[in-house]
Amino acid sequence: MTMSNTGGRRKPPTIHDVAREAGVSRGTVSRVLNGGHYVSPSAQEAVNSAIRRTGYVVNRHARSLITGRSDSVGFLLTEPQERFFEDPNFNVLLRGCTQALAGHDVPLLLMLAGTEDERRRITRYITAGHVDGVLLVSSHSGDPIATELREAGVPLVACGKPIGIGSKVSYVAADDRDGARDMVRHLLAQGRRRIGVVTGPLDTPGGVERLAGYHEVLAEAGIEADERLVVSGDYSRASGEAGAERLLAQAPGLDAVFVASDLMAQGVLAALRSAGLRVPEDVAVGGFDDSPAATASTPALTTIRQPWDRISSEMVRVLLAQIGGEDPAAVILPTELVKREST
């Protein structure tokens with residue numbers, strides 16, 4: 001570091017100090033700091049080493065004035081605030097995205113838009129250029145925010161395949177339909193034949209795809225569809241409990257339940273206990289997500305594991321590529337059946 005002429009106080013290192021330490025031009029350092037385009041691998045390594053040795057820290061405000069970028073990304077959850085604190089999946093995804101962006105020295109801003117007013121305010125904030133792109137979580141069909149951001153030219157990646165907004169939005173999703181098929185096949189293999197389902201919201205991709213997988217496997221097994229075995233939930237624990245109560249009232253002889261989220265499955269387990277039914281002896285229960293709720297349940301849940309680390313890292317990768325000028329992309333990741341004590 002260089003010394004000032006007053007009081008011996010050290011000045012922070014500058015881009016010129018980095019260039020001198022690395023033995024390259026100031027322009028090369030600038031290109032490395034702005035994405036590394038047109039820089040040789042050896043020059044990039046020299047600059048990165050010089051940054052570490054000098055302790056240089058990017059002046060984000062100055063760089064944003066030059067590049068027109070904010071150097072930050074928004075994590076936008078279009079659910080009521082209480083859902084963020086109740087559903088462990090959101091926290092797992094937020095943590096994974098934060099860690100993935102930290103490797104690129106990009107901060108993540110959490111945005112909650114569960115009401116119409118919140119959506120309007122946050123849309124104005126985003127389209128004013130305060131973030132370079134958005135990771136959109138839990139989008140419902142009919143929710144205008146994805147369309148508005150896309151039309152405003154904001155780079156956007158959704159978690160789950162968006163419904164009803166065309167093919168121009170990037171997304172990263174677990175294979176919901178295939179995961180549901182694996183769970184229902186597993187329940188059938190356990191000798192269960194009266195298999196109920198508590199779906200997710202049917203205006204979300206996960207809700208639609210997991211229900212479709214359930215129906216497909218029953219059809220393959222030659223089991224006639226019975227709408228009394230199908231109830232809907234909203235991914236909350238309370239909706240799982242209410243759904244199980246409806247199933248028990250309208251579908252006598254129920255011997256298994258496929259539940260479209262682990263949190264809802266906790267509610268299903270509570271309803272079955274209240275009805276004096278044993279799990280899995282009387283009714284087997286399968287969840288979806290392999291969230292912390294699965295292992296916290298009694299008994300521990302057989303479930304479908306979503307690869308949350310890969311989902312978050314892929315969302316970040318696709319978004320940064322889009323910010324850098326690449327076209328929208330879609331990524332679908334495989335799920336895995338995890339067998340525990342509830343089946």
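Which residues in helix 2 meet which residues in helix 3? Thr28, Val29, Val32 and Leu33 in helix 2 meet Ala43, Gln44, Val47, Asn48 and Ile51 in helix 3, where contact means heavy atoms within 4.5 Å. By class, this contact of helix 2 with helix 3 has six nonpolar, three polar and no charged residues. Ala, Val, Leu, Ile, Met, Phe, Trp, Tyr, Cys and Pro count as nonpolar, Asp, Glu, Lys and Arg as charged, and the others, Gly among them, as polar.

This is a predicted model, in which local features need pLDDT of at least 70 and side-chain atom pairs count only at pLDDT 80 or more, while totals for chains, interfaces and linings use all residues. Residues are numbered from 1 along each chain as its sequence is written, and side-chain values use heavy atoms, with hydrogens and water left out.

Helices (H or I, at least four residues) and strands (E, at least two) are DSSP runs, numbered from the N terminus. Helix 2 (residues 26-33) packs against helix 3 (residues 41-54) at an angle of about 85 degrees, and their axes are 10 Å apart. Helix 2 is therefore roughly perpendicular to helix 3, a term that covers angles of 65 to 115 degrees.

**Strand 1**

Strand 1 (residues 73-77) has five of its five residues buried, so it is largely enclosed by the rest of the structure. Buried means under 20% relative accessible area, exposed over 50%, and partly exposed in between (1.4 Å probe, protein chains only). Val73, Phe75 and Leu77 are buried on one side of strand 1, and Gly74 and Leu76 on the other. Two strands pair if DSSP finds at least two bridges between them.

| Partner of strand 1 | Sense | Bridges |
|---|---|---|
| Strand 2 (residues 108-112) | parallel | five |
| Strand 3 | parallel | four |

Within these pairings, Gly74 has Leu109 in strand 2 as its bridge partner, and Leu77 stands opposite Val137 in strand 3.

**Nonpolar cores**

A nonpolar core is a set of buried Ala, Val, Leu, Ile, Met, Phe, Trp, Tyr and Cys residues joined through side-chain atoms within 4.5 Å. The largest core has 39 residues, of which Tyr214, Phe258 and Val285 touch the most other members. Helix 12 supplies the largest share of this core, six residues. A second, separate core of 28 residues includes Ala100, Leu101, Leu112 and Val157.

**Pro144**

Pro144 lies in the loop between strand 3 (134-137) and helix 8 (145-151). Its relative accessibility is 35%, so Pro144 counts as partly exposed.

Terms used
Axes are lines fitted to C-alpha atoms, for helices over the stretch in contact, and angles run from 0 to 180 degrees between N-to-C directions. Angles under 35 degrees count as roughly parallel, over 145 as roughly antiparallel, 65 to 115 as roughly perpendicular and the rest as oblique.
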